[in-house]
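Hi,

Here is the structure I said I would pass on.

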Amino acid sequence: MSVSAEDSSLTDLNRLARLVDSTADDRELWRPEEFGAIFRHQLTVPLRTDLGGLDPRLGEKLKGLHMPDGRPVATFGDLLRHPAPPVALLDLVKEFAKKSGRPGRGHVPPEVATMLYYLTIGVALFRCGHRLTRLDASTLREGFHWARSQLWADEATRELLRCAEDHL
């Protein structure tokens, strides 16, 4: 059975309508095969774009923060790859991930928000020796394991999560 161009077009229109509908269930908006691309994109998003509303002093916190090569820390990926990221900024990312992962039109699919949540907690644990959460070690292990098992996660993300788990 083949899908006609008209049927395919209707499917695309229905999906677009769900994206615009503020009452749509997040699970209807995204396909699992899109999670990797969405996660990679989120890592390139400027921190000021998504975190500015969470902390009016974000600009001050980013001022003077640079990568080892001298570039300013500007994106989620920069912060998560930084060898010693400020815990306060990681905490903002964790809160962003928590809010984004809630049902009802989060910024990113819940799976991507959950990945960002556990990755941020892992980076704080591994790179800063700081525990950003009250979750117990068993729950964190389960979360890190879930995140590492996602086929759409890149190897660098999996390695960070492995290191975080080793630091529990």
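**What I found**

Buried residues make up 42% of the 168 residues in the protein chain. Bear in mind that this is a predicted model. The chain has ten helices and zero strands, so if you read along from the N terminus you get α-α-α-α-α-α-α-α-α-α, by the DSSP runs. Of the contacts with a separation of 6 or more, 59% are between residues 24 or more positions apart. The chain exposes about 9,400 Å², with carbon and sulfur atoms supplying 54% of that.

**The core**

The largest nonpolar core has 42 residues, and those with the most contacts inside it are Leu 47, Leu 51, Phe 76, Leu 79 and Phe 144. Helices 3, 4, 5, 6, 7, 8, 9 and 10 each supply at least two residues of this core. Helix 8 gives the most, with eleven residues.

Thr 75 sits in the loop between helix 5 (58–62) and helix 6, and is buried, with a relative accessible area of 15%. Not counting residues up to four places away in sequence, Thr 75 touches Leu 43, Thr 44, Val 45, Pro 46 and Leu 47. Thr 49 is 26 residues from Thr 75 in sequence, and the two C-alpha atoms are 9.1 Å apart. The side chain of Thr 75 also reaches the backbone nitrogen of Asp 78 at 3.0 Å.

Asp 78 itself lies in helix 6. Buried or exposed? Its relative accessible area is 5%, and under 20% counts as buried, so Asp 78 is buried. The Asp 78 side chain makes a polar contact with the side chain of Arg 71 (3.4 Å) and reaches the backbone nitrogen of Ala 74 at 2.9 Å. Leaving out residues up to four places away in sequence, Asp 78 touches Met 67, Arg 71, Pro 72 and Val 73.

An α-helix has 3.6 residues a turn, so residues three or four places apart point the same way. At the N-terminal end, Asp 136 is the cap, with a side-chain oxygen 3.1 Å from the backbone nitrogen of Ser 138.

Helix 10 has twelve residues and reaches 16 Å from its first C-alpha to its last, close to the 16 Å expected. Thr 157, Arg 158, Leu 160, Leu 161, Cys 163 and Ala 164 are buried there, and their cover includes helix 3 (35–44), helix 6 (76–81), helix 8 and helix 9. Asp 154 caps the N-terminal end of helix 10, with a side-chain oxygen 3.1 Å from the backbone nitrogen of Ala 156.

Cheers

Note on methods:
Residues are numbered from 1 along each chain as its sequence is written. This is a predicted model: local features need pLDDT of at least 70, side-chain atom pairs count only at pLDDT 80 or more; totals for chains, interfaces and linings use all residues. Side-chain values use heavy atoms; hydrogens and water are left out. A polar contact is a pair of N or O atoms within 3.5 Å; within protein, one must be able to donate a hydrogen and the other to accept it, and residues adjacent in sequence count only if both atoms are side-chain atoms. Helices (H or I, at least four residues) and strands (E, at least two) are DSSP runs, numbered from the N terminus. The expected span of a helix is 1.5 Å times one less than its number of residues. Buried means under 20% relative accessible area, exposed over 50%, partly exposed in between (1.4 Å probe, protein chains only). Contact means heavy atoms within 4.5 Å. Accessible areas come from the Shrake-Rupley method with a 1.4 Å probe; for residues, only the protein chains shown count as cover. A nonpolar core is a set of buried Ala, Val, Leu, Ile, Met, Phe, Trp, Tyr and Cys residues joined through side-chain atoms within 4.5 Å.
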